[in-house]
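Subject: Structure for your review

Dear colleague,

Please find below the sequence and the structure that I am handing over to you.

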Amino acid sequence: GSADEASIMVQQTAWLIFMLPHSVITVSIATAYFTRMSEHAAVGALDRVRADLSSAVRGITMIVLVAAAVLMVCAYPFARVFTPVEPLIWSMGHVIMAYVVGLVGFSVLFIVQRTFYSMHDTKTPFFFTLIQVSVFIAGALACIALPSSEVVFGIALVTTIAGTVQLIVALVLLRRRLGTLDGRRIAGAFVRALVALVVPVAAGIALLVVLGGTHAKGYALSGIFPAIISMAIIGAVMAVLYFGGLWALRSPELRGFAEPLIRRLRRG
């Protein structure tokens, strides 16, 4: 019984951690774009809808990618905040990682769904969600064969796989609707962001090791407060290096976000 409860606790906590950047970043940015998309869709300006979609995907991917990287690196200290039990720290850390692998796709899917809604199409999202549910059910049933300690990790992985399948189907259907999805610019932004992530991820992993986040007796896993301090240090260093890297790569997405802020600061 108790192991079972722990696994449910692990899953629910890991899911909440996974949803944190999605709720803060994706939902707020996508909501702003949705209004604009709906206005453009209402007058039949599909090229504008496409531009909105591309802009939203590029902007959100840029920010969510670093959030996902920080969550992956800080998975064990994050788990330590919620449980002092050593085996649970590792299993929750792994479940967080399994969910977070799908974070960027999950956020892009959210925008794709909103794009369909802006065109008053609710039937297509229902169809690709049905596919996701089918893949998830099949995968979740297959997880029964796993050892009990691995079931929660298996289900988290299945959630990511089902979401990825759903995203691919959704993109194919949206491309049919809009003709093209500005794929080259989106891919360019994605590659730039991945290149900018290399140094921050290496630095984050090095800091995790130095702060003792990979073994139970280490400082980062010695208590809730040390875990939070370690995450704050790792997160801050990774974010500074990442955005610095994007700036050096002359990322138009970052400049688009930053220039209005810089102008306002100069005026102030």
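This is a predicted model: local features need pLDDT of at least 70, side-chain atom pairs count only at pLDDT 80 or more; totals for chains, interfaces and linings use all residues.

Residues are numbered from 1 along each chain as its sequence is written, and side-chain values use heavy atoms, with hydrogens and water left out.

Overall form

The secondary structure of the chain amounts to 10 helices and zero strands; helices (H or I, at least four residues) and strands (E, at least two) are DSSP runs, numbered from the N terminus. The radius of gyration, taken over C-alpha atoms, is 20 Å, close to the 18 Å given for 268 residues by the globule rule, so the chain is as compact as a globular protein of that length. That rule is 2.2 Å times the number of residues to the power 0.38. Along its principal axes, the C-alpha trace spans about 60 × 50 × 25 Å.

Of the 268 residues, 45% are buried. Here buried means under 20% relative accessible area, exposed over 50%, and partly exposed in between (1.4 Å probe, protein chains only). The accessible surface comes to about 13,600 Å², and carbon and sulfur atoms account for 70% of that surface; areas come from the Shrake-Rupley method with a 1.4 Å probe, and for residues only the protein chains shown count as cover. Taking contact as heavy atoms within 4.5 Å, 76% of the contacts between residues at least 6 apart in sequence join residues at least 24 apart.

The nonpolar core

A nonpolar core is a set of buried Ala, Val, Leu, Ile, Met, Phe, Trp, Tyr and Cys residues joined through side-chain atoms within 4.5 Å. The largest one has 70 residues, of which Leu53, Ile96, Leu174 and Tyr242 touch the most other members. Two or more residues each come from α1 (2–42), α2, α3 (75–82), α4 (86–100), α5, α7, α8 and α9. The most come from α2, which gives 16 residues. Leaving aside neighbours within four places in sequence, leucine 174 is in contact with Leu53, Val112, Thr115, Phe116, Met119 and Leu181.

Helix α5 (residues 103–118) has 16 residues and reaches 23 Å from its first C-alpha to its last, close to the expected 22 Å. The expected span is 1.5 Å times one less than the number of residues. Because 12 of its 16 residues are buried, α5 is largely enclosed by the rest of the structure. The buried residues of α5 include Val104, Val108, Phe110, Val112, Thr115 and Phe116. Just after α5, histidine 120 takes a positive phi of about 55 degrees.

Helix α4 has 15 residues, and its reach of 21 Å is close to the 21 Å expected. Among its buried residues are Leu88, Met92, Gly93, Ile96 and Tyr99.

Individual residues

Threonine 61 lies in helix α2 (residues 46–73) and counts as buried at 8% relative accessibility. Its side chain reaches the backbone oxygen of valine 57 at 2.5 Å, a polar contact being a pair of N or O atoms within 3.5 Å; within protein, one must be able to donate a hydrogen and the other to accept it, and residues adjacent in sequence count only if both atoms are side-chain atoms. Not counting residues up to four places away in sequence, threonine 61 touches Val104, Val108 and Phe190.

Valine 27, in helix α1, counts as partly exposed at 29% relative accessibility. Beyond its neighbours within four places in sequence, valine 27 is in contact with His22 and Phe110. The C-alpha atoms of valine 27 and isoleucine 60 are separated by 9.5 Å, with the two residues 33 apart along the chain.

Serine 230, in helix α9, counts as buried at 0% relative accessibility. Serine 230 touches Leu211, Tyr219 and Ala220, residues up to four places away in sequence not being counted.

Two loop residues other than glycine also have a positive phi. Aspartate 182, with phi near 60 degrees, sits in the loop between α7 (151–178) and α8 (183–210). Arginine 250, with phi near 55 degrees, is in the loop between α9 (224–248) and α10 (252–267) and counts as exposed at 62% relative accessibility.

With kind regards
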